[in-house]
Amino acid sequence: MIQKAAMMRKFMIAGNWKLHGSHAMIRQWLADFMALDTSIDALDVALCVPYVYLPMLSTNASKNILIGAQDVSAHDTGAHTGEVSAAMLQEVGARLVLIGHSERRQDHAESDELVRAKFKQALAQGLMPVVCVGESQQQRENNETFAVIERQLNAIIDLLNAANADQCILAYEPIWAIGTGLTASAEQAQEVHQFIRSQLAHKDVTMARQIRLLYGGSCKGSNAYELFSMPDVDGGLIGGASLKAEDFMAICHQANKLLDKTQSD
Ligand code: PGA
């Protein structure tokens, strides 16, 4: 923690609503979130929601919640039916965007090249890209975890530098832990986060120190403290537990507790 504080990486807690939400759910979520008394001022708190709800959330959510999308087109304009560009996301209030989530890599056969192209679009429009990497159960069992992560990182690593590192986020999401209730242990998460940071450091030590690495995969109020207390874990990307304001706030609360601890260390 002392290390994290010294480097001044601000915790980020980002929700990923996936294919969930409705106007009624959003109204309820925002009212519930407002009614909870945990302060989020010391954190970066974000919600990545289906495209169609971006305007509603960016208008109605309190200004200290960053609103984001879950995907972006690799193109800026043209004949690409069904796509949404980074400039369009900007226009409806998105500040960040998930890129290369494993559900997109799997369900839509998104390649590392496509992830790279989307990453470039996000950067060009000033959206904060949150690039997701992670191995499957099979790959972990075959001892391929580091090779898979390295390959996924290599798709974007040359685009990262000390000047943009505080505007780029990486999320380690082991596929076997997503939505399964199986969380990576804090040590498993730290091992991979440390690996990611060391890979980045080969390119640029300053960039590697600045960039925030989130953990995602069945993260909830009951395990967030342990995960976030790891030196290279700078917050979480939260699926299921972001759908209820109370559950999401419980995770923010754990991050706050760690900040309090750091200040009193
Ligand atoms: P989960 O999802 O928290 O429901 O496991 C995380 C994610 O896919 O981003």
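**Asking how we know**

Biologist: What makes the radius of gyration of this chain agree with a compact globule?

Modeller: For 265 residues, a compact globule would have a radius of gyration near 18 Å, and the chain has 17 Å, so the two agree. Bear in mind that this is a predicted model. Along its principal axes, the C-alpha trace spans about 45 × 40 × 35 Å.

Biologist: How many helices and strands are in the chain, and what share of its residues is buried?

Modeller: The chain has twelve helices and eight strands. Buried residues make up 54% of the 265 residues.

Biologist: Let's pick one residue. Why is R9 called buried?

Modeller: Buried means under 20% relative accessible area. R9 has 8%, so R9 counts as buried. You can find R9 in the loop between α1 (2–7) and β1 (12–16).

Biologist: What makes the approach of the R9 side chain to the backbone oxygen of R209 a polar contact?

Modeller: The cut-off is a pair of N or O atoms within 3.5 Å. A polar atom of the R9 side chain lies 2.8 Å from the backbone oxygen of R209. The R9 side chain also reaches the backbone oxygen of P231, at 3.2 Å.

Biologist: Which residues of α9 are buried?

Modeller: Among them are A186, A189, Q190, H193, R197 and L200. Here is a handy idea: an α-helix has 3.6 residues a turn, so residues three or four places apart point the same way.

Biologist: Which residues come nearest to the ligand?

Modeller: Of the 13 residues around the ligand, K18, H101, E173, G179 and S218 come nearest. An N or O atom in the H101 side chain is 2.7 Å from a ligand oxygen. Backbone atoms take part too: a backbone N or O atom of G239 lies 2.9 Å from an oxygen atom of the ligand, and a polar backbone atom of G240 is 2.8 Å from a ligand oxygen.

Biologist: How much of the ligand does the protein bury?

Modeller: Taken alone, the ligand exposes 280 Å², and the protein buries 95% of that.

Biologist: And the aromatic rings: which residues form one cluster?

Modeller: W17, W29, F33 and F248 form one aromatic cluster. The count of aromatic pairs comes to seven.

Methods:
Residues are numbered from 1 along each chain as its sequence is written. This is a predicted model: local features need pLDDT of at least 70, side-chain atom pairs count only at pLDDT 80 or more; totals for chains, interfaces and linings use all residues. Side-chain values use heavy atoms; hydrogens and water are left out. Buried means under 20% relative accessible area, exposed over 50%, partly exposed in between (1.4 Å probe, protein chains only). Helices (H or I, at least four residues) and strands (E, at least two) are DSSP runs, numbered from the N terminus. A polar contact is a pair of N or O atoms within 3.5 Å; within protein, one must be able to donate a hydrogen and the other to accept it, and residues adjacent in sequence count only if both atoms are side-chain atoms. Rings of Phe, Tyr and Trp (its six-membered ring) pair if their centres lie within 6.5 Å; planes under 30 degrees apart count as stacked, over 60 as edge-to-face and the rest as tilted. A residue is near a molecule or strand if one of its heavy atoms lies within 4 Å of it. Accessible areas come from the Shrake-Rupley method with a 1.4 Å probe; for residues, only the protein chains shown count as cover. The radius of gyration is taken over C-alpha atoms; the globule rule is 2.2 Å times the number of residues to the power 0.38.
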